[in-house]
Structures are given as structure tokens and as C-alpha cells.
Number of protein chains: 2
Amino acid sequence: MNITDQGLAELTTPCLVLDEAKMMRNIQRLQDHADALGVALRPHLKTAKSVEVASRVLKDGMGPATVSTLAEAEVFAKAGVTDILYAVGIAPQKLDQVIALRQAGTDLTVILDSLELAQAVAKASRKSGVAIPALIEIDCDEHRGGFAADDPLLVETGRVLHDGGAELRGVMAHAGESYGAVGKNAHARYSEMERSATVAAANALREAGLPCPVVSVGSTPTAHAARDLTGVTELRAGVYMFFDLVMAGIGACKVDDIALSVLTTVIGHQEKRGWTLVDAGWMAMSRDRGTASQAVDQGYGIVCDEQGQVLSDLIMTKANQEHGIIEQRPGSTAPMPDFPIGTRLRILPNHACATAAQHSGYNVLPSTTGHPLMNWPRFGGW
Amino acid sequence: MNITDQGLAELTTPCLVLDEAKMMRNIQRLQDHADALGVALRPHLKTAKSVEVASRVLKDGMGPATVSTLAEAEVFAKAGVTDILYAVGIAPQKLDQVIALRQAGTDLTVILDSLELAQAVAKASRKSGVAIPALIEIDCDEHRGGFAADDPLLVETGRVLHDGGAELRGVMAHAGESYGAVGKNAHARYSEMERSATVAAANALREAGLPCPVVSVGSTPTAHAARDLTGVTELRAGVYMFFDLVMAGIGACKVDDIALSVLTTVIGHQEKRGWTLVDAGWMAMSRDRGTASQAVDQGYGIVCDEQGQVLSDLIMTKANQEHGIIEQRPGSTAPMPDFPIGTRLRILPNHACATAAQHSGYNVLPSTTGHPLMNWPRFGGW
């Protein structure tokens, strides 16, 4: 079936197109891998921010799930997700909202990496009578927050939680540096850094007589490359549902796995400069230039035809707010194809989290052949 | 009055804070300049995307105005703006919506830069009986679209519009390259490029017996630097209402003029690395790194205290989706201030258009002392 017949031609551009079949394949691949490794998968919903996607990626639609904002926790809790990890260090001002969500029946867990925050969480727990569960963040790659596994403050922080009225639920790490490493072997080394750091931290807590039921690790590159997760209880990843050019550039997926694209319309040409102008600029693509530091810079994205066939020599080289400029990629000697005004193209994004966030919904090409285009809303905010 | 008392302390972070007094000062400054130059000001509403801001920047709230999407045209038309220029080359698929807006009473003008599009606009005009007004885009700086002023296709395109049932309303140019030039003299040269190219194009049309009542130019840097706009009828600019670090970096404003910031909360520290972690990442700031190519790279933004006082040595050096990392700027030898967990900070953005687009509303510090914080919604989409 020609994709145009499914309703793409009726859409106002620019807009997101999501290929459900590719998404389901990506979802299944990581679920199979987690099953083979014997760990639970806790998908991160920050990329999709869609109840429809959540219902397809979560077991029975209920979790476990990871979120990056309390707005996500609110929406997904309302949609029936019962087990949610809010994986950004909890601001003390947000604890009342956490307590309210727990009181409404959601098993919401927070993370923290300081004695100060443990004290705040313990105090809020005592005051409300709601024992807030917390994971302590472990720094495995000097990427962001977290205690080193051998930091004596780790055990002290665990004790403040455990003895102070909160619930010390475990430890977690995220090897964000893996996004800058290329190839499965490199990602496997980061996975082992996540594993060894969190297991060491869990052991330190347990040796001090503290509980540590959860040992949580993950990122899209490390989750796919993990070979042995002994001691780990759960794996987190988010962008793998859609994938993107940054992930393709580090070998975490193939370009053909990318399920998300931006549909756009040709609005002009500057033939002397070899430019085709389209109506998707950075407002539609985001300003993310994640591939700029990779071996192959994909500009603002690789161009596909309306059917999604990759035109691999063509990239969006420049973007203004509502204008994109499409050119042959540097080094290419192929002639610029003729795209008459009104031609529809699709652009694969650098970073699916950032591109999706520029839009209020997905136009979904359904897995089932012959079904019409679906529209799945997405949300933002905090 | 302490700003915290006005209600900032109650806000969920991250969120936008807009200083109304600074905004009104920025609005007035350019209006005065346009008045002195004897041209109409046609503010671009793409930065603000807010009916409340539009009502403060437009004469009688009615226009003239510029927009970057038809979604903006729809919202502002509904809010009573009657004179709107849609300043992105019109995709043929969007002409029905243009006609519907005109039929509903909005004087909506489109732009185009090709014979093909002129034919499409003329055809749609004839078919609907609605003469769609169009400006022909002129390329003054090889930045994006547009005809060279001496391109014979310009007159041919004008004739297709005029003779074909559309309305040839004039010409327009935007010196986007001025964003990369530093200082008022450089911006004035770009302003003269806009002026001379559009006036030459207008003369070419008139000499061919075609009408050209509108000669429209502008960008924030060129609008402020313009010294003589003989032959020009209107000036466009958008980001000047809020300003940002990119504009400060090229001398189009001072840092103190920036009316927009992102309020954030400290959630952690990595003392060994000199990092303070906050809950505003790129989702709140955008991925725009417009100052990266300037003389002073401001990272993801300059840090201010909650009151808006600039802490000029501190910038957000790194951003993940929901984490920002604050450090001393490179070369600074000052010690890192102690920001206890829970501290509120404000971050000035690289690019106000991009940062504002990450949020659904503005928390507005009112010009009138003693008044409470206001919330102005903003919208996105196409």
C-alpha cells in the first residue's frame, strides 16, 4: 500500500510521523534482550511522552516505567501506570507532589545523591506518614550526578533514609558517557561500569546492614550491549523505542530502525547554491545537532522521500525557525534531485527526544497494513 | 519589593520568567526608532506566540503583525489581529487555509520566491475568487530564499501574480546573515543591504508597470541599526521584545535588556568537578547553542540569582534532558559559590525563540510594583 494513500498527504506540515511497525520491532528487541539477561525492563517514557506508546511498551500497560518529570508521572499514573521511577534528583519543593501521587496509589520512587536530599526526603516522609522510596544515584562514568560507589557518604545517606522514615529502595546508575562511545564493545564496557558500580554500592549498603532490593542501570547504548547483568535487577532505556541518528552514529541501531521522522513540504529552491528549501526548520527538528561531533555529521537530519526511503546523500544542512535547507552532504558529487514545490519529504532526526518534544502529537503509520493513519497525542511540561 | 514575595517561590521548576518592564522597554525602544525613521513597525510574533504579548506590542492590538506559522495566524486572527504577514514561503497545500482566513476577515499576506508558487497562488485566487496578496521575497544576503533584485524572474513572477488574479502587494527581505555580524555599524550595513535590494526590486516591478505598495525589511539587528530607510514602508523584527544572549553577543542589546529567563532549582553538586546540578536541562533551555560561535560562548546560558541579578562568572556548561550543569565559565578563577540544594536560580537563554518554545506559558513579573505574578499562556504547532 502506498503510504500517501494512508493519509500522509492530508497532513499539515511540518509534523511528526511515527512508524508503528519499526517502533514495535525496537520495543520487542530490547524486551527480548532483557528477558535473556534475566532482568526487568523499566522503559523510560521521556522520549515518547505518549500514553499510546506507554500502553505498547509497558507490561500490561502498568509498568515498571521511568519518567523524567513529575508531569509525566501525573499523566502516566492517571493512565494506569502503577510503578514509576522519577529519575531526576528530587528537588525538595517537589516532595509534596510525590507524596500526593503516592497517596493516590502510584508506587512512585525518587532518586537522590546527597545527604541533604536524604534528610529532606526522610523529613517529608515522617511529616506525611508516607515513606517515600528512594534510589541512591551512583556515578559510574563522571557524566552527571551520583556518589562514587566507595564514597562513605553513600552509606550515611542510605542510613538517613532508612532510619529517618523514608524507604531505602536501592541504587541506580546511568552511563550517559556511553552516548559518546562507538560500537557494541565500547557500550558493553560502559554497561559493565554501570553494573560494577551499582553492585559495589549495593554491597556497601548491605554490608552496613541496610536494605538494597533494587539495582537499576541503563541507557539505550548500554542496555543493548549488556552481556552480563549479575547483581542487577532492572534495566532502563528510553530512546530505543524510536531510535535516531545519534544512536545510529554510535552503532546502537541502524538508520532503518529509526521509527520517527518529520514530514515536510518543499517551498522553494536556490539553484545556484544547490539548496532546496522546506517548511521544517529547527522549530520542527529541534536545535539538537548531536551528530555534529560524530564521524558523520548528519546536519539537522537525513532526508527520505514521502514513503520513508532514505535519500542518503541528502541532509538538512541549515535550519532557521521555520525553514530548512536541504543539500547534498559534503563530499557528495551526485546532482541535486529535482523536488518540485509542494513535494513531501521526511527528515530523520538527530535526537528523537528533542525532535518529538517540538510537537504535540504523532501521526502514526499503523503496523497493520490497510489501516488508516492514527494520531497519538503527546504532552510536555513539568 | 522582593521578587520572591511576588510568587516566584511557588512556581514549579523549570519554568519561564518574563520581566514585563524590560519587555515594555524593548518594545518602546524599537517603536520609537521606527517612528523616527518614518516607517511602520510590523512586529514578528514568532518569538512570543502569546496573545498577551501581542496585545502589548501591536498598535491597538490589531496589527500590523508578522507570523511564522498559519497556527499563529489563526490564533492571532481570533484574538483580533487584522493585518498579518505570514513570512515563510507558502506551501501550495496551505493556500486553502489562507483563503479561509481571508474570508473570515483577516488581511493575511503570503510570501513567495518562485514562478511556480506565483502560479499556484494566482490559480487558488482565481478558483476561490479571493485575491490572495503576496510579497515577493528578495535575497539581500544569500542567507535563505528570495530572488536577486535584478533577476528577470522577479518581474515575471510579479506579472503572474498581478495578471493572474492574485494581488501583488510588494517585496520583502530579511538579512538573516546580520545575526552573525557584530556591532551597530555592521548591522547598519546589513540594513542598507535589505533596503537597497528591496527598493531596487520594487523599482524593477514598478518600471514594468506593476504595483509595489509594500517594501518590507527587517531583522532584530538591522531594525535597531537602520539609519535611513528611504523607499521602505515597513520594518519587521521579533526577538527584540525579549532579547537574548545571541543578540547581546552581537551588540544588538545589553545583557540587562534580556526579559526572558528560566527559573530552576538546585538538585545536587559534584564538588570535585566544580558542578552544581539544576533541574533545567535542554528540555527547558532548548538545544540552541547560538553563542557557541560568538566571541564569548555562554554555554546554555548565563546564571542569575532568583531576583534576576546576573552572576556573570557562572554559566550552564552542559545540559541533559532534565539536568543542567552550572560551572564557572572557562578562565574564571573565582570560587564556585555555595548554592544549597533547593536554591532557585534563573538562566538567561541563548535564543529566546527557541527557549520560549519549550514552554507552555510565561510567568510574568508585572511592571507595576506590588502586583502579583501573572501567567500568560503561549502556544505552538503549525
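Predicted model: local features only at pLDDT ≥ 70, side-chain atom pairs only at ≥ 80, totals over all residues.
**Ground rules.** I kept local features only at pLDDT of at least 70 and side-chain atom pairs only at pLDDT 80 or more, while totals for chains, interfaces and linings use all residues. Residues are numbered from 1 along each chain as its sequence is written, and chains are lettered from A in the order in which they are written.

**Symmetry.** I superposed the copies by least squares on the C-alpha atoms of residues with pLDDT of at least 70 in both. A rotation of 180 degrees, with 0.0 Å of shift along its axis, puts chain A on chain B. The RMSD is 0.0 Å. That is the relation of a two-fold axis. I then looked for the residue of chain A closest to the rotation axis and found Arg287(A), with its C-alpha at 2.5 Å.

**Chain contact.** I counted two residues as in contact if their C-beta atoms, placed from the backbone, lie within 7 Å. Chain A brings 44 residues to the contact and chain B brings 44 residues. On the chain A side, β4 (83-89), α5 (115-128), β10 (260-270), α10 (282-285) and α11 (352-356) each supply at least two residues. Helices (H or I, at least four residues) and strands (E, at least two) are DSSP runs, numbered from the N terminus. The largest share on this side, five residues, comes from β10(A). I also checked whether the copies use the same surface: 100% of the interface residues of chain A are also interface residues in chain B, so they do.

**Domains.** I took the bounds from an automatic or database domain assignment. In chain A it gives domain 1 (3-16 + 259-377) and domain 2 (39-242). Their centres, taken over C-alpha atoms, are 35 Å apart. Eight residues of domain 1 of chain A touch seven residues of domain 2 of chain A. On the domain 1 side, α11 and β17 (374-377) of chain A each supply at least two residues. α11(A) gives the most, with three residues.

**Core.** I defined a nonpolar core as buried Ala, Val, Leu, Ile, Met, Phe, Trp, Tyr and Cys residues joined through C-beta atoms within 7 Å. Buried means that 20 or more other C-beta atoms lie within 10 Å of a residue's own, placed from the backbone. The largest core has 267 residues. Among those with the most contacts inside this core are Tyr86(A), Val121(A) and Ala134(A). I followed up Val121(A), leaving aside neighbours within four places in sequence. Its contacts include Ile90(A), Leu95(A), Ala134(A) and Leu161(A).

Key: Buried ≥ 20, exposed ≤ 12 C-beta atoms within 10 Å, placed from the backbone.
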